[in-house]
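Hello,

Here is the structure I promised to pass on. Please open it first, then read my notes below.

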Amino acid sequence: MSVATREAPARPATRTVRRGGLRRRQRWFVLALLSPGIVGAAVFFGYPLVTVLGLSFSRYNLIKPPEFIGLSNYRFLFSDPMVPKAIVNTLWFAVVVVILQLVYALGIAMLVSRIRRGSTLARAIFYLPSMIPPIASALAFIYLLNPGTGPVAAALRLVGVDSPLWFDDPHWSKPALTLLALWGTGNLMVIFFAALLDVPTELVEASTMDGANAVQRFRHVTLPSIAPVLQFAAVTAVIDALQYFAQAYMVSNVHNGGGAATTLVLGYPQNSTLFYPVYLYVQGFRYFNMGYASALAILLFVVSMIVAAVLMRGSRRLVHAEAEES
Amino acid sequence: MTRRNAKSRNGFPRRRVAAALAVLAVAAGLLTGCGGSDDADGHVTLTMWSAYTGRELGVLRGVLDDFEASHPGITVRSIGAQDDDKLVQGIRSHDGPDVEWAPSDDFTGLFCSSGGWLDLSGRMRAAGIGQKQFVPSAWRATTFGGTRCALPVLADVVGFYYNTKLFRQAGITHPPRTVSELRADAKKLTTRAKDGSIDTAGFVPLAGFYSNAVQYFQVMFGADVFDGHTAKLAGSPRWHAMLRWQRQMIDDYGYTALNTYNARVGGNFTASNAFETGRLAMNIDGEYRTAFVKADHPDLPYDTAPLPVSDDHPERYGAGFVTSHIAGIPHNSAHPDEAWQLVRYLSTNRHAQLALGNGLNNIPTLTGALHSPHLDDDPRFRRFISIAENRYSVSAPGTPIGPAYQQIIGTYVDGWQSGSQRISGLSDVDEQINAMMAQAAPGEDW
Amino acid sequence: MTRRALWTRLLGLVAERCVLIVLLLATLTPFVFIVLTALMTDQQSLSPNLWPDPFRPANFVAVFHDVPLLRYTANTMLYAVLATVGVLVSSVPVAYALARYRWRGRHTVLLGVIALMLLPVQVTTVPLYILYNHLGLTGTLVPLIAPKFFGDAFSIFLLRQFLLTIPQDYANAARIDGAGELRTMLRVILPMAKPALSAVALFQFLACWNDFFLPLLYSSENPNAWTLSLGLSAFQNQFSTQWNLVMAATLLFMVPVIAVFFAAQRSFVRGVTLTGVKG
């Protein structure tokens, strides 16, 4: 393919206009390209967002027709003792676990970036758990942490310590989920690894020659260089935390050993695993209080948009980047 | 022609993309529409959902085969393993089942008040089906707020199981009749391993263990949830007595030791069940356990008895908890008439009731079958019939929110068991239950 | 460097390596136990013994026997493959429009894409469920697959970022040679975007294979439409404490993912890198 140079024979003036927007043919093309996306956004986001707002002002159980009840759902939302519990649980995840994940992933990435042989294998091993279906890994951890028969309990017994009850104990269920989350942070580790490789080596060398120690190097050279990636990772991790569902569902589902119940108690034990998305599911798809679930959804929407806006601050580069011109 | 493997925009050969889209169309067509259907000659296929699996599902299948034989033109597709969530979902789907079998009457309130199940009173009147044919508590369990949307099909009765050999070895001559006796016996029957963990448990007082439910403890103490239509646990002396008794028994063992034991035992409905394998001396369980024991551990030395009761009301000994299974027709069924045939058959046909009762070792709700000599005559099973008919036996109260109030109580009891809740927390429970009922169905008359 | 400084450096290095090895082992251990347990007998899986004796590979056969695993796999494959095709077909054009042309409003649209990327899925599920319910589509895979043919925010974003890196020279040259817009896109630019395209395809496939929430919501009422994730959940419900069977089923669910990973490792890692680094 030949690349046109500025010495190419002159073409009619209308052909090379790039300033001032698109030509008509291009305009139609762009519209055509955007069309599936526009339809998709309207049908699968616009329509539901409008509808969920309307539903939040009504009572609807999918059998009888919806009934307008004004702000009643919101009034209940502010007095429902489950809501603060759900919010606290989710916040805990969105803040504590995300921070732990970022630190852990960055730490491993740094360790791996310093070895030469075997770094591909190490990366592969760390990445593997993050690809596994979340309910499979949740089940695996339920088994591993079983206080009676699990290997972790056996190991703890070897050193003379009683195993905590993990998923049966409201104080240990979230730490157990944290362990599960940390086990699966391989995807963050991989992007940190790539970002670390991109840290300009001249800067690192210059700072060492200036007498900076490891901590100072990290703070003043490495960190600023990987900051955009950190920010991106933080945002995605937080948004994942706001949608956290599958693992919480599985973990509530398992009453180790006993449990003849055909009715799931989501949030077991004692609502310690009742995350906000789980509670929304319970209200909307177990009790079929669709109006109330819609109110919960509106709250989730508002919170996630605020969080996204706050965390994405300063990413204007992202939005305004353009393809390079020659 | 150089265009043979023309690539589409994303790099895949164009033909493959077209093929894939064709598959989508076909698959979408195949995957919609899996409910009941009609053949051209009027043959109807009903879909029935239940929670049964394995052996029990097989017993149900046998009864359904008999139904098909006596009702030519109707075929029944039986789908098991449908838990409560799915039953609730099923009444809202367009391809939902034609008949649902719910394993508890907790849902009567929910299904009748929401209109999820069809009101059957008209059909019952036309068929001459009425109260006299059924066990009283089962009949009560199928009405709610003036609507009768289900028929009772079977009853589960909860009583007390104990291992006679372990009793003999410990020198205990009769099953405990009061909770104090229960506590003393449990201490005698528990053995520990060298590391202090529980090897054989006398009795497990945790509400989440196996079939233990707060409702059964309630029966032992005569404690109710509702006073009229309001939840009133706080200040109830019977609730206080029950909770204190539970605390004492848990402290006897140690909460962590109990939970570790719980995490170690075999599944409730498997052959490794702790009671069936002799690792649990006394247990609260339903009458269906006799069938499981017969199938998996026929040599187990055990006997049954009514639940122990609180010391201050010994006259209540003999009472138990009755849960009625109910069958109804989701409101969006395409074949309500044929579905009614099936529901009616399961509920009022003596042969079917006996087959279900004997196959599942459940209590038939049809009195004609209940008193039939063909019903399993094992005295350990028959004891449950007298428990069912005892005047102090209770069933779950119907509410417009179904069993949701039980979860609120269950969460509180979980906290109580682990020591993180106090008696004063009962007033929060009341508040929550009442608020939930007000929010879901304000002012509804029930 | 002094002797002492050398020693500290060496010790530091050794410590680092040790920590890394411990973490690697800790990461691998769960897999090891899953495999071991999947090969145990019933009683053994409840005992504290850690090594299966005897080995019971029959567990895997039992899993196939107890649940319609093939049907669940077929459903999951159908979902994953069709959704991946749909995402590619619908997201690539949008990303192309956003990256390669200048038009008024493109920044707003991009902000919209980013906002949708960050929107929790539970926000829109209630109305969508009601809609599908009225259309009679609950209990099928259609609610899962259909939206994928109308663009996926994350894929659009990823592709846009990558497409930005292709210099305009190529398109200009093609235009000068007389190629139309469509041709330029299909013949010139997109073939250069293969790494990003394969990354998007891999991610989408994986996301669908692992998806639990949406199948739970939309297909749970019809066991014929269950995916593997629902099947595993129901399996665990039924066989609760037979951990050997449950772990065997879990392993069967995980193995295809692991196989794909090892086959396409480079693509994966490159793809994950693409998501973060260019941001």
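Is B:Asn361 buried or exposed? B:Asn361 is buried, with 26 other C-beta atoms within 10 Å. Buried means 20 or more other C-beta atoms within 10 Å of a residue's own, exposed means 12 or fewer, and partly exposed lies in between; C-beta atoms are placed from the backbone.

A word on the source. This is a predicted model: local features need pLDDT of at least 70, side-chain atom pairs count only at pLDDT 80 or more, and totals for chains, interfaces and linings use all residues. Residues are numbered from 1 along each chain as its sequence is written, while chains are lettered from A and ligands numbered from 1 in the order in which they are written.

Back to B:Asn361. Its phi is positive, about 50°, although it is not a glycine. B:Asn361 sits in the loop between helix H14 (350–360) and strand E15 (363–364) of chain B. Helices (H or I, at least four residues) and strands (E, at least two) are DSSP runs, numbered from the N terminus.

B:Tyr210 is not a glycine either, and has a positive phi of about 45°. Its loop runs between strand E9 (198–200) and helix H9 (214–221) of chain B. B:Tyr210 counts as buried, with 26 C-beta neighbours inside 10 Å.

Next, the chains. In chain A, 94 residues are in contact (C-beta atoms, placed from the backbone, within 7 Å) with 87 residues of chain C. Helix H1 (residues 24–55) gives the most to chain A's side, with 19 residues.

Best wishes

Terms used: Contact = placed C-beta atoms within 7 Å.
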